[in-house]
Amino acid sequence: EEDNEDVQFVQDTTQSLVSLEEYCVLYKELKDKYGPQLVKNWPESTDPHKFVYEDIAIATYLLILWKEERLRYGVLKKQSYIDLGCGNGLLVYILSGEGHPGKGIDLRPRKIWKMLTPKANLEVASLTPSNITRFPEYDWLIGNHSDELTPWIPVMAARSSYSSKYFILPCCAHDFDKKFCRPTSAKSQYHSYLDYVKEIGDVMGFVVLMDTLRIPSSKRICLIGQERRYKPEDESLIEKYREDFISNRCGRK
């Protein structure tokens, strides 16, 4: 159940890491381009208006974030990505439709996958994070309500390559090997979990940024690991911190 603190929090904040003006223009464009067809042909039992337009909003945010990244570094090639726990696959469908190569994986297929492929590369796969779980062939790792995978995504991004980045939109609170338990009652479970996921990114060596998306949900705060706070030659030292942190968390009851 969503608490009043969370609802009030998102009403008083808005996204700040991308241009709001550019976001509004692109969102309308993508909404008109993808929305009507997806809503009309929605084969799932869930509400198409919520899921379709929420994923269009998330895609809009990522597309602008990635465009600004290309401009900042003076590159033309569009970023690649892997969506871990991709669910209905809509985010993969839209990002791929806008020219970003990538794929989504999930434990089970959804009915809508038949409608989204072959434009969307969607794969049924079981992912068990470990020290060797890496995706160096992708620029960005995405976790959109990725549940048990959420705490592992900064880990996998950090270990994939020095240039790997991640975007997480947390929902259900999970630790590495168990449900997440908040350390204090001073904050809600949701905000305690956001602090923890940010801490994971910090320990993994990222400069972690947080932003609030314009989506119809109280669980709309994202975390982004786009830059490293250490030099490549310090990788082995940071990896030791990573191992110790994960080992300590997995040893807790």
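Angles under 35 degrees count as roughly parallel, over 145 as roughly antiparallel, 65 to 115 as roughly perpendicular, and the rest as oblique. This is a predicted model, in which local features need pLDDT of at least 70 and side-chain atom pairs count only at pLDDT 80 or more, while totals for chains, interfaces and linings use all residues. Residues are numbered from 1 along each chain as its sequence is written, and side-chain values use heavy atoms, with hydrogens and water left out.

**Exercise 1.** Describe how helix 3 and helix 4 are oriented to each other.

*Solution.* Begin with the axes, which are lines fitted to C-alpha atoms over the stretch in contact, with angles from 0 to 180 degrees between N-to-C directions. The axes of helix 3 and helix 4 (residues 90-97) come within 9 Å and cross at roughly 45 degrees. Helix 3 and helix 4 are therefore classed as oblique to each other.

**Exercise 2.** Find which residues of helix 3 and helix 4 meet, and sort the contact by class.

*Solution.* Contact means heavy atoms within 4.5 Å. On the helix 4 side, L90, L91, I94 and L95 take part, and they meet residues of helix 3 including F51, I58 and W66. Sorted by class, the contact has 12 nonpolar, no polar and 1 charged residues, where Ala, Val, Leu, Ile, Met, Phe, Trp, Tyr, Cys and Pro count as nonpolar, Asp, Glu, Lys and Arg as charged, and the others, Gly among them, as polar.

**Exercise 3.** Identify the element that gives the most to the lining of the largest pocket.

*Solution.* Helices (H or I, at least four residues) and strands (E, at least two) are DSSP runs, numbered from the N terminus. Helix 3 (48-73) and strand 2 (102-106) each supply at least two residues of this lining, and helix 3 gives the most, with 4 residues. By class, the lining has 13 nonpolar, 11 polar and 13 charged residues. A pocket is an open set of points on a 1 Å grid over the protein atoms alone, where a 1.4 Å probe fits, with protein on both sides within 12 Å along at least five of seven lines, and lining residues have an atom within 4 Å of a point.
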